[in-house]
Amino acid sequence: MDTKNRIISWEQMSKGTTNATAIFPREIAAAALRLEATNIILIHNHPGGGSDPSAEDILLTAKVAEACASLDIAVRDHIIVTDHDYYSFNEFGRL
């Protein structure tokens, strides 16, 4: 997103299996820099599972937020979606 929180682009960073995916903070930061984004929102799904974040989700969010902050890019939210629910790190005060 730009400085006015307008969406610049949607980028699929990874495609996982039924229970895991490989994604790296460096790749997310590189994409944001390439697009000249100042804000980002992370979104991923939990197919067939609950919307609560896993320990890995929490750790990755912290690593991405730290890496991006050093580049003046804000992580505004990390949203986990399921078939019937969602979890927002922002709404739960985790960002």
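**Contacts, elements and pocket**

Modeller: A contact means heavy atoms within 4.5 Å. Among contacts in the chain between residues at least 6 apart in sequence, 64% join residues at least 24 apart. This is a predicted model, in which local features need pLDDT of at least 70 and side-chain atom pairs count only at pLDDT 80 or more, while totals for chains, interfaces and linings use all residues. Residues are numbered from 1 along each chain as its sequence is written, and side-chain values use heavy atoms, with hydrogens and water left out.

Colleague: In what order do the elements of the chain run from the N terminus?

Modeller: Helices (H or I, at least four residues) and strands (E, at least two) are DSSP runs, numbered from the N terminus. Here the order is α-β-α-β-β, with two helices and three strands.

Colleague: Which residues are the closest to the centre of the largest pocket?

Modeller: On a 1 Å grid over the protein atoms alone, a pocket is an open set of points where a 1.4 Å probe fits, with protein on both sides within 12 Å along at least five of seven lines; lining residues have an atom within 4 Å of a point. The largest pocket holds about 1200 Å³, a volume being the space filled by probe spheres set on the points. Of its 36 lining residues, Met13, Leu42, Ile43, His44 and His78 are the closest to the centre. S1 (39-45) is one of the elements that supply at least two lining residues, and its seven form the largest share.
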